[in-house]
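I opened the model to look up a few contacts and wrote down what I found. My entries follow the display.

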Amino acid sequence: MSQKTSGNPWMFVPALYFLEGIPYFMVSTVSVTMFKKLGISNADIGLWTSLITWPWIIKMLWGPLVDAHSTKRRWIVGCQLAIIAFLIVESFSIVQSSFLMPTLAVLTGLAFLSATHDIAADGFYLLALSEEDQAWFVGIRGTAYRVANVFCNGGLIYLAGQLELQVAEGASLAPVWQKVIWAGTAVYAVCVVAGFYSMPQPRRDEGRSDGFPFRAAFSEYFNQAHLPVVLGFILLYRFGESMVSKMSNPFLIDAVEKGGLGVSTSDVGFITGVVGVAALVIGGIAGGMVISRFGIKRSLWPMVLAMNVPNLLYIWAAYTHPGKSWVTLIVGCDQFGYGFGFAAYMVYLMFITQGSNYPTAHYAISTGLMALGAMFAGIVSGYIQEQVGYAGFFLATLVCAMPGMLLLPFLPLEKADLHIAPVDVD
């Protein structure tokens, strides 16, 4: 029998994952626009804003520390307070005459805090919710995270654009971005207070002090049954869709003579930022409901197909160059399928933590490997597209999705199969 859910998840899950999303998008995407507006070259923007996202990939290295010391609730609150402090420091570093390196240093610290918050938040989610509610609310937490995306990349950047209109021509835009950071920090701080009072204190979230069980946590994870299949699934399940995510916007924007669809920038913003996000949210919520109702074993195949079959529509579009209405429909179908299929992925990563002595650390390892697979897919996507064109590229995404699909019949989907071999770590 699974544990009872602590508190009302409708009160704390959306707030927790909205707060998880804000620092991530401030570091990974808002910084790109900010640096561009402040005159940093594209080459430097691409280099530095990629390097500062590494904490989310290597967070597995300190997952055992979060798992073994104190409670997840204390880690969450501590990280949130530190994030507020770092955002304030960023707002002052950006107005300095030589702002780039100090700001990058602050953003790197912010990334480490955000990645640590992710570990604690996911661990808290596993402890506070029953297994049934974990599946049900996976779509809700995803929705809250994407609302943070809309707030950062829609609301804050829109605010920056409005404030820029009040700046004299030739004047520095740094004070504009200082105010934008202040606005983001204020919203974040208010949500931290609200989240503090909504988060329960589950009995299973007990204070511990087990040293730094790095070796024990990693040994247990990498000695689980069916390890090659599990690792292959984590790295390959969304490989094809990760390639699509990286190249879909260039496909929409590129001129027809270059193989693209020639959609205007403003239309791309509406199609991907409004229609796409709405479809993604609906797909994620639907996916969570389906898994909660039918279970991961019965839902996995329909979900992996939902994630990859819409790529056929991109192949059709690459050959026919349809109008804006069709493009909107294609993006909507793709994002709905991605949200629907991604729900199964996240629930399975929670599933394989069951019976572990270090569930938070194990979930951090899995999500770090997930990010590694997505990063590699993004790296190769541009090279493949340049070699074979857009039609060939979207066909290649289906081919690249096949290895993950071929692993599904061998994937452990019953609790009895989640045996972890005993390991002597002395």
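Which residue forms a salt bridge with R141? I noted first that this is a predicted model. The partner of R141 is D122, and their closest N and O atoms are 3.2 Å apart. I then looked up where the two residues sit: R141 is in helix α8 and D122 in helix α6 (residues 100–128), 19 residues apart. I checked accessibility against the cut-off, since buried means under 20% relative accessible area. R141 has 7% and so counts as buried. D122, at 6%, counts as buried too.

I looked up how many salt bridges the structure holds, and there are two. The other entry is E164 with K37, where the closest N and O atoms are 3.7 Å apart. This pair also links distant parts of the chain: E164 belongs to helix α8 (residues 138–164) and K37 to helix α1, 127 residues apart. E164 is buried, with a relative accessible area of 19%. K37 is at 42%, so I put it down as partly exposed.

Next I turned to a helix pair. The axes of α1 (residues 9–37) and α5 (residues 72–93) come within 11 Å and cross at roughly 25°. Angles under 35 degrees count as roughly parallel, and α1 and α5 are therefore roughly parallel to each other. I recorded their crossing as left-handed. On the α1 side the contact is made by L16, L19, P23, M26 and M34, and on the α5 side by I76, Q80, I83, L87 and E90. Sorted by class, the contact has eight nonpolar residues, one polar and one charged.

Note on methods. Residues are numbered from 1 along each chain as its sequence is written. This is a predicted model: local features need pLDDT of at least 70, side-chain atom pairs count only at pLDDT 80 or more; totals for chains, interfaces and linings use all residues. Side-chain values use heavy atoms; hydrogens and water are left out. Axes are lines fitted to C-alpha atoms, for helices over the stretch in contact, and angles run from 0 to 180 degrees between N-to-C directions. Helices (H or I, at least four residues) and strands (E, at least two) are DSSP runs, numbered from the N terminus. Angles under 35 degrees count as roughly parallel, over 145 as roughly antiparallel, 65 to 115 as roughly perpendicular and the rest as oblique. A crossing is left-handed if the near helix is turned anticlockwise from the far one by less than a right angle, and right-handed if clockwise. Contact means heavy atoms within 4.5 Å. Ala, Val, Leu, Ile, Met, Phe, Trp, Tyr, Cys and Pro count as nonpolar, Asp, Glu, Lys and Arg as charged, and the others, Gly among them, as polar. A salt bridge is a side-chain nitrogen of Lys or Arg within 4 Å of a carboxyl oxygen of Asp or Glu. Buried means under 20% relative accessible area, exposed over 50%, partly exposed in between (1.4 Å probe, protein chains only).
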